[in-house]
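Subject: Model handover, chain B

Hello,

Please find the model below. My notes on it follow.

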Amino acid sequence: MSLLEIIIKIDSRGRLKIPAEIQEKFHLTPDSEVVLIAGEGEIRIRKREVKYSFQEIFGKPLKFDRSKVLAMDVANLEEDFSDL
Amino acid sequence: MMVKRAVIDTNILVYAMLEDHPAYHDCYNFLLEAETNFTLYSSVETLFEIYRILRVFYQLDPRAAIEKVVQLESSSILFLETQSKSVRDILESIQQKLIHANDGRLLAIARETASEAIITDDRHFGKVIQELNLKWVTPIQDSTRMEMDAWEQMNLPPKGLPRILASIFNYLQQIAPEVARKFHSDTRNFTSLPEIL
């Protein structure tokens, strides 16, 4: 995705109007939530889109095979070194 | 609305994904509460780290691991990219505090987001967090931690040299079973390097 840079002004009440083009591109509709992340020298705006609740993700945990784990795959040996 | 902010580490998320892990219930229950009480942040790298642990340590099917990681990316946790301005701070904290690269990123994210706490079960990282006047939170109860130690001994290959030697043994078994048997004996059941004659 190409970067888009648009200069907008904050109005007297401290509000920013997100240009229609960006609203359309990011499917921002009334009541859409965005997150403002204020870092060093910049403010990022990210659309808040929660598709999965923690219950959906962690409520159906994965089951691993103990015998496979104990006979660890040698192909992953190099990666395993990073945890020593 | 202002809510409490916290940064979450890989280990808690991994434990909450594994059905048989002793810390599963502690982490899962904690996350259910945290979802409504906190804005949680982590790094994009955490997602890759979770995938690697699920694949390498727990030998899970890649499709199942990818699916879980992708779901997590679309959860209420905000996974932030590393800002280039934070690189020096991150590298210095890694070097000075002897922490993993992603832990350095998590510290930077805690600063950037003005988070008051970092949630992790890594005890060394926990001490570093406290030294930096942040709150260290772990959802894992002491009784669970004792259970985890015994469980890891039974279910995971031992850490460090024994793990490396066991991996070499597995490799040798595939290409030269006789050499593998000698290797097993010469390393005294993977407890020491074989002596060079």
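In chain B, strand β1 (residues 4-8) runs parallel to strand β4 (residues 117-119), and the two pair over three bridges. Pairing here requires that DSSP finds at least two bridges between two strands. B:I8 sits opposite B:I119 in β4(B).

This is a predicted model: local features need pLDDT of at least 70, side-chain atom pairs count only at pLDDT 80 or more, and totals for chains, interfaces and linings use all residues. Residues are numbered from 1 along each chain as its sequence is written, while chains are lettered from A and ligands numbered from 1 in the order in which they are written.

The sheet in chain B is open and has five strands in the order β3-β2-β1-β4-β5, with parallel pairing. Its edge strands, β3 and β5 (135-137), each pair on one side only.

Overall, chain B has ten helices and five strands; these are DSSP runs numbered from the N terminus, helices being H or I of at least four residues and strands E of at least two. The C-alpha trace of chain B spans about 65 × 35 × 35 Å along its principal axes.

As for the interface, 37 residues of chain B are in contact with 32 residues of chain A (C-beta atoms, placed from the backbone, within 7 Å). On chain B, the elements giving two or more residues to that side are α2 (24-37), α3 (44-57), α4 (62-73), β3 (78-80) and α9 (161-175).

Regards

Terms used. Two residues are in contact if their C-beta atoms, placed from the backbone, lie within 7 Å.
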